[in-house]
Amino acid sequence: MSDFIQTSPARTIQNAVQDHFIPAEAPWSGVVRKGQTIRIEDSLGQQAIDTLFYRADDFSERYSNQDTMRMQGAAYIGIGTKIMSNEGNVMLTMTADSCGRHDTSAGACSCESNTVRFGHGTKYLHACRDNFVLEVSKHGMGKRDIVPNINFFMNVPIKPTGEMTIVDGISAPGDYVELVAEMDVLCVISNCPQINNPCNGFDPTPIRVLIWDGED
Amino acid sequence: MMHVRRSPEEIAANRARYEEHQKKGLEFAPKTLPGPSPVPASAIAAAAIIHQETIPGGWYWSTKLLRGEAIRIDQGEGNSTVALVAWNAEDTSERINLVDTAKVQWTTALGKGRVIFSDMGRVMFSIIEDSSGAHDCLMGGSTAASNAAKYPGEKTRNTRDNLIIIAVKLGLDRRDIPGILNLFAPVRLAEAGGFGWQGKRSNSGDYVELRAEMDMLVGFSTCPHPLDPDPAYQPKPVVITRYKAAAPAADDLCRTATAEAVRGFENNTLMQA
């Protein structure tokens with residue numbers, strides 16, 4: 001784990017309005033207000049962080065991976081990416097990224113998809129969809145509300161032939177992304193427990209989430 | 001920060017297991033998938049046909065589809081993208097899941113021999129025929145805003161609104177609209193990660209046949225794909241034929257082509273037991 005890397009003179013650990021430690025394999029949710037910046041930090045490196053966003057005052061508006069890819073004309077998330085909702089609105093904009101590779105094509109692991117991908121023997125392993133189900137249920141939502149997500153720090157190259165495979169993550173300890181909220185959003189995270197593929201180096205690790213007020 | 005790392009031995013064992021799965025998945029073991037289906041399509045026996053619908057360009061349609069039935073989606077004489085969504089008829093919280101479909105089959109390129117998964121690790125459709133081989137499971141469909149930008153001043157219909165209408169008429173709502181599979185949209189990703197419309201727009205006369213592997217509600221929209229190179233809004237009609245499919249043989253291609261499909265169908269069997 002490395003030291004905190006400052007991206008703006010105005011944002012320090014001391015003046016963060018929220019600072020959350022999320023253990024390996026655990027879920028988390030919290031509200032990010034319009035104008036606030038959320039930093040998601042891969043504290044120990046090579047950890048996939050499965051993330052969803054919902055409009056805070058109307059959960060029927062939520063993250064859309066297809067709209068986000070279509071609006072960018074690209075499959076990967078990076079600095080400047082506008083995180084789009086299913087209603088065509090910008091939810092957040094990515095303003096900083098020390099890693100350079102984030103996926104939104106491969107979705108979250110689940111007990112069910114693990115059986116298909118890795119064999120029925122992997123059914124009883126904790127998975128992101130179960131984290132999401134538990135976490136969104138706290139907000140009155142259910143399985144139907146879980147949509148394809150962003151996988152921060154997950155490395156899923158897609159070849160021109162269509163070939164798609166999860167390979168070793170490239171994030172180092174302390175790597176981060178920062179997003180500024182363009183509307184009030186509920187952020188829901190599953191700190192991925194997957195140990196059947198290299199999305200987190202076969203070794204899930206803790207992460208940190210920090211939120212700051214706007215600088216204006 | 002209290003955290004105990006896994007042991008190097010444990011990590012090495014899991015990595016070895018993944019690499020074995022990856023090798024099998026990428027090498028299409030145990031069966032090699034065939035090329036595109038021949039054009040024109042063979043006739044469907046009249047006695048097997050349950051219903052035939054011509055959807056005008058830019059419109060929508062939905063149908064119930066029972067396990068063992070199939071649909072042929074035929075471009076006819078035009079070039080048209082068909083957006084498709086589907087829900088389990090008995091529990092609409094189970095629905096088409098394209099991120100899982102691509103991930104578990106190690107490819108975004110869907111074609112004859114591949115299957116389409118739900119979010120519950122079960123197979124919804126088998127792609128039993130496909131003359132096109134050019135489909136898009138990543139980019140989604142048009143919206144009012146994307147059409148307004150592409151066709152300024154023109155009166156158009158869009159996929160997002162069509163799917164809202166379908167969902168609401170089925171008693172569902174906006175929360176229930178899943179990611180979209182675009183049939184007949186040759187979209188691929190360049191090495192740098194940008195999308196492109198590769199080569200020909202698609203051939204008139206192309207068709208896809210999907211066999212239902214569970215009872216479903218299926219929705220279709222026939223608006224142009226957001227990357228369709230035609231600058232004019234002129235979507236063409238699409239003919240959909242719902243028919244009683246032949247029972248799958250023991251060596252059915254879609255059920256046996258990959259280890260992943262075999263395990264998906266094992267999950268279907270448990271559901272239907």
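Modeller: Two strands count as paired if DSSP finds at least two bridges between them, and strands themselves are DSSP runs of E with at least two residues, while helices are runs of H or I with at least four, both numbered from the N terminus. The model is a predicted one, in which local features need pLDDT of at least 70 and side-chain atom pairs count only at pLDDT 80 or more, whereas totals for chains, interfaces and linings use all residues. Residues are numbered from 1 along each chain as its sequence is written, chains are lettered from A and ligands numbered from 1 in the order in which they are written, and side-chain values use heavy atoms, with hydrogens and water left out.

Colleague: In what order do the strands of the open sheet in chain B lie?

Modeller: Strands of a sheet pair through backbone hydrogen bonds, either parallel or antiparallel. Here the open sheet has 4 strands in the order β2-β11-β4-β7 of chain B, with antiparallel pairing. Strands β2 (60-65) and β7 (181-183) of chain B stand at the edges with a single partner strand each, so one side of each is left without a neighbour in the sheet. From one strand to the next the twist averages 25°, where axes are lines fitted to C-alpha atoms (for helices, over the stretch in contact) and angles run from 0 to 180 degrees between N-to-C directions.

Colleague: Which residue of β11(B) stands opposite B:Trp61?

Modeller: Opposite B:Trp61 stands B:Phe220 in β11(B), and β2(B) is joined to β11(B), residues 216-221 of chain B, over 6 antiparallel bridges. Strand β4(B) also pairs with β11(B) in the antiparallel sense over 6 bridges, with B:Trp87 opposite B:Leu217, while 3 bridges join β4(B) to the antiparallel β7(B), where B:Asn182 is the bridge partner of B:Ala83.

Colleague: Are the faces of β4(B) covered or uncovered?

Modeller: Buried means under 20% relative accessible area, exposed over 50%, and partly exposed in between, with a 1.4 Å probe and protein chains only. In β4(B), residues 82-88 of chain B, 7 of 7 residues are buried, and both faces are covered, with B:Val82, B:Leu84, B:Ala86 and B:Asn88 on one side and B:Ala83, B:Val85 and B:Trp87 on the other.

Colleague: Which residues have the most contacts inside the largest nonpolar core?

Modeller: In soluble globular proteins, nonpolar side chains tend to be buried together. A nonpolar core is a set of buried Ala, Val, Leu, Ile, Met, Phe, Trp, Tyr and Cys residues joined through side-chain atoms within 4.5 Å. The largest core has 95 residues, and B:Ile73, B:Phe125 and B:Phe220 have the most contacts inside it. Strand β9 of chain A, residues 185-191, gives the most to this core, with 5 residues. A second, separate core has 14 residues, among them A:Val116, B:Ile44, B:Ala70 and B:Val123. As for B:Ile73, its contacts (heavy atoms within 4.5 Å) beyond four places in sequence include B:Val82, B:Leu84, B:Phe220 and B:Ile240.

Colleague: What is the relative accessible area of B:Ile71?

Modeller: B:Ile71 has a relative accessible area of 0% and is therefore buried, and its place is in strand β3 of chain B, residues 69-74. Leaving out residues up to four places away in sequence, B:Ile71 touches B:Leu65, B:Val208, B:Phe220 and B:Tyr243, among others.
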